[in-house]
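Have the sequence and the coordinates open side by side as you read.

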Amino acid sequence: MTSTAPAPAPTKRDGELRVSIVGGGASGVLTAANLLADPETRLRVTIHESAPVLGAGVAYGTTDPRHLLNVRARHMSAFPDTPSDLIDWYHATGRTIDPLAFLPRREYAEYLRDRLSDVADGRLQVHSGRVDDVVPTDAGYQVLSEGAEPTEADAVVLAYGNSAPAPLAVDGDALPGAAWHVADPWDLAWIDRLPQDGVVVLVGSGLTAVDTAITVLEDSPARRVVMVSRHGLLPAAHVEQQSTAWVSPVPDGPLTADQLATFFDGQVAAARRQGVDWRAVVDGLRAPTQSIWQRLDADERRRFLSRYARHWEVRRHRMAPEVAARLQQYRRDGRLRLVAGGLTGLTERDGRCQVRLGDEAEHLPVDAVVNCTGPQTDVGRSQNPLLQSLRERGLVAPDALRLGVSCRSTGEILDPSGAVVPQMYAVGPPRKGTLYESTAIPEIRAQAAAVARALTTAGSTQIR
Ligand SMILES: Cc1cc2nc3c(=O)[nH]c(=O)nc-3n(C[C@H](O)[C@H](O)[C@H](O)COP(=O)(O)OP(=O)(O)OC[C@H]3O[C@@H](n4cnc5c(N)ncnc54)[C@H](O)[C@@H]3O)c2cc1C
């Protein structure tokens, strides 16, 4: 495929705006819900989703009810201007809910679908199937899905979300495709094949590894899990009673990663002196994170990622207290072990696998090695055919840190030369390189509302 320059700008036909949203996870569904919120707005919205259901994605597609949200219910509204919306939805379905509770994640998918169906009318279409390409045309874009007619669009929202993890490797050699090698941690079907006394190695020790450990260990008391990651750090736990809010006076102007770390440590110490828990400092820094990130230059962002990010992430993305209690019990029972240093050796004999963990001397025989390293963010290496096509067309490029796509903070996609690609936006995880904090619902809901506003305001009658 060759690179295609954007065509000149036509105007909206009959005042009707055609928006194609690629991806029907939380980001895509919330963008659609915002676009359709006003029944008077003349538009046609198409959600393209390769999975069988909307609203799920990897986060809310889990079938295990023990996989909980890691954010309290009161902060998980789908709409920034209606903070109680999730609580209201629960009440409307005849259930009571503690606003401080951590709900099963699969219920959140149900909530998102319900909120979309509240506003869905003849203006919404859902196309099942994977989008493999988006082609600029004189009139806008053609969205190409497998086995379907092209969809004509004036604007495209990329909401493709979290990609599969990068393949596991030991000493540069990719792990073989074998029954014991679980490349997709979010498809839990492999656990049904696991022996009742199976031993599982989870590569990674973040929230996905935590979920997987719970599903593996909870129902079969003879199973054991070893989590191995570079740092060997588990996410911190939320506490039952969150203490007072703490607002940190973030210094003005450009910042270095070291200054930021010193500032954070100082705030934690100051909070402690006043009897305030460090969690309040982390939560207070949530709102200014995006602006702080934009004040670090590229080298300082790199330094933050290599030196401080993991320590920040385990404090920022915390586990529900009940989840933390389960893990603590598994560790006390000797069923869960945590090892720092990563996967350092692997041999396979008679279809069984033995691994070496960190600097441990012994190889450990295991029944499964599961890739819980988190979503692959490098658009340059993504296996998503859509991203490969867009890259080859010169429509998208990775951001400098390879955390997502190159885009403005408001989501407009930038091509490899840094020019805005007309009427093409990113919502959610693809904005991570630009904003750093861009993967959780409080950010996604704000982005979805803002992109919908940008597309439907009077100024956007000029389409391309
Ligand atoms: C395990 C986990 C737990 C989380 N828990 C929380 C939480 O408790 N609270 C919180 O605020 N945040 C949480 N998050 C973060 C955040 O809410 C999710 O990452 C969020 O679901 C992102 O939504 P998304 O729609 O952008 O991406 P995804 O959920 O990844 O959905 C993207 C969708 O796009 C589809 N898609 C991709 N490419 C194509 C294509 N080419 N054609 C058609 N369809 C395509 C996929 O099938 C998928 O359904 C969690 C994240 C994870 C991974």
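Three strands make an open sheet in the order E4-E5-E6, with antiparallel pairing. Strands here are DSSP runs of at least two residues (E), helices are runs of at least four (H or I), and both are numbered from the N terminus; two strands pair if DSSP finds at least two bridges between them. Strand E4 (131-137) and strand E6 (151-153) sit at the edges with a single partner strand each, so one side of each has no neighbour in the sheet. On average, neighbouring strands of this sheet are turned by 25 degrees against each other, direction ignored. Strand E5 (residues 140-145) pairs with E6 over 3 bridges in the antiparallel sense, and Tyr141 stands opposite Ala153 in E6.

A word on where this comes from: it's a predicted model, in which local features need pLDDT of at least 70, side-chain atom pairs count only at pLDDT 80 or more, and totals for chains, interfaces and linings use all residues. Residues are numbered from 1 along each chain as its sequence is written, and side-chain values use heavy atoms, leaving out hydrogens and water.

There's also an open sheet of 5 strands, ordered E10-E17-E11-E12-E13 with parallel pairing. Its edge strands are strand E10 (181-182) and strand E13 (336-340), each pairing on one side only. E10 runs parallel to strand E17 (residues 368-371), joined by 2 bridges, and Val182 has Val370 as its bridge partner in E17. Helix H5 (residues 207-218) packs on this sheet and touches strand E11 (199-203), strand E12 (224-229) and E13, with its direction at about 170 degrees to that of E12. Contact means heavy atoms within 4.5 Å.

Now for the helix pairs. Axes are lines fitted to C-alpha atoms, for helices over the stretch in contact, and angles run from 0 to 180 degrees between N-to-C directions. Under 35 degrees counts as roughly parallel, over 145 as roughly antiparallel, 65 to 115 as roughly perpendicular and the rest as oblique.

| Helix pair | Axis distance | Angle |
|---|---|---|
| H1 (residues 26-36) and H4 (residues 105-119) | within 9 Å | roughly 25 degrees |
| H3 (residues 85-92) and H4 | 11 Å | about 90 degrees |
| H5 and H10 (residues 321-332) | within 11 Å | roughly 60 degrees |

By those cut-offs, H1 is roughly parallel to H4. Their crossing is left-handed, meaning that the near helix is turned anticlockwise from the far one by less than a right angle. Ala26, Val29, Leu30, Ala32, Ala33 and Leu36 of H1 meet Leu112, Leu116 and Val119 of H4. That contact has 9 nonpolar residues, no polar and no charged ones. Here Ala, Val, Leu, Ile, Met, Phe, Trp, Tyr, Cys and Pro count as nonpolar, Asp, Glu, Lys and Arg as charged, and the others, Gly among them, as polar.

H3 and H4 pack at an angle of about 90 degrees, which makes H3 roughly perpendicular to H4. Among the contact residues are Asp85 and Trp89 of H3 and Glu107 and Arg115 of H4. The H3 contact with H4 divides into 5 nonpolar, no polar and 5 charged residues.

H5 and H10 are oblique to each other, and their crossing is left-handed. Val210, Ile214, Leu217 and Glu218 in H5 meet Val323, Arg326, Leu327 and Tyr330 in H10, giving 6 nonpolar, no polar and 2 charged residues.
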